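Open the model in your viewer and keep the selection panel at hand.

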Amino acid sequence: MRAAPGGSVAVVDETALLEGSAVGVHAGAALRAGRTAWRSLPADVALVAGAGDDEAAVRRLVAGWAGEDTDTVARRAGTVFRDELAARLRPEMWALVAEHRRAGHRVVLTGHAPRPVLEPLAEDLGAADLVATEVEVRDGAMSG
């Protein structure tokens with residue numbers, strides 16, 4: 001890594017950084033807060049327990065944001081990151097990313113989770129860029 005020239009790009013996926021699923025952690029927070037639709041309840045409980053389809057979970061999570069303003073979703077995502085998700089960071093991966101930054105490499109975080117879920121992680125990580133599932137916003141509100 002140190003032999004790579006400055007300006008090199010280090011691409012890191014959320015699944016390498018975290019123990020478990022970022023979407024699962026957010027689904028758990030939604031369950032506890034009573035923001036889960038009844039029809040999504042069985043699948044979200046399974047996801048929180050470590051089973052389930054992440055692609056479908058992303059759709060359910062985003063659908064639950066319908067009509068919410070972007071600031072509310074961003075604040076909630078920041079709280080979930082601080083209170084729950086940060087504790088799931090793999091220390092060895094965190095150290096590797098820090099080493100890339102010290103070497104002058106550009107860090108890019110990628111993931112299948114929606115951008116609001118991964119933005120706090122990208123900021124904390126010092127990632128220069130984030131490639132994530134984009135969520136449609138209309139007039140400052142999530143479309144779902």
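A helix axis here is a line fitted to C-alpha atoms over the stretch in contact, and angles between N-to-C directions run from 0 to 180 degrees. Keep in mind that this is a predicted model.

**Stop 1: the helix pair.** Select residues 41-48, helix α3, and residues 54-64, helix α4. How far apart are their axes, and at what angle do the helices pack? The axes lie 11 Å apart, and the angle is about 120 degrees. Angles of 65 to 115 degrees would count as roughly perpendicular, and over 145 as roughly antiparallel. The α3/α4 pair is therefore oblique. Now check the handedness: α3 crosses α4 in a left-handed sense.

**Stop 2: the contact.** Show side chains. On α3, pick Ala43, Asp44 and Leu47. On α4, pick Asp54, Ala57 and Arg60. Color them by class: 3 are nonpolar, 3 are charged and none is polar.

**Stop 3: the whole chain.** Switch to cartoon. Trace them in sequence order: β-α-α-α-α-α-α-β-α-β-β-β.

**Stop 4: overall dimensions.** Show the C-alpha atoms alone. Along the principal axes they fill a box of roughly 55 × 35 × 25 Å.

Stop 5: Color by accessibility. Of the 144 residues, 42% count as buried. Among contacts with a separation of 6 or more, 65% join residues 24 or more positions apart.

Terms used
Residues numbered from 1 in each chain as written. Predicted model: local features only at pLDDT ≥ 70, side-chain atom pairs only at ≥ 80, totals over all residues. Heavy atoms only, no water. Helix = DSSP H or I, 4+ residues; strand = E, 2+ residues; numbered from the N terminus. Parallel < 35°, antiparallel > 145°, perpendicular 65-115°, else oblique. Left-handed = near helix turned anticlockwise from the far one by under 90°. Contact = heavy atoms within 4.5 Å. Nonpolar A, V, L, I, M, F, W, Y, C, P; charged D, E, K, R; others polar. Buried < 20%, exposed > 50% of the residue type's maximum accessible area, 1.4 Å probe, protein only.
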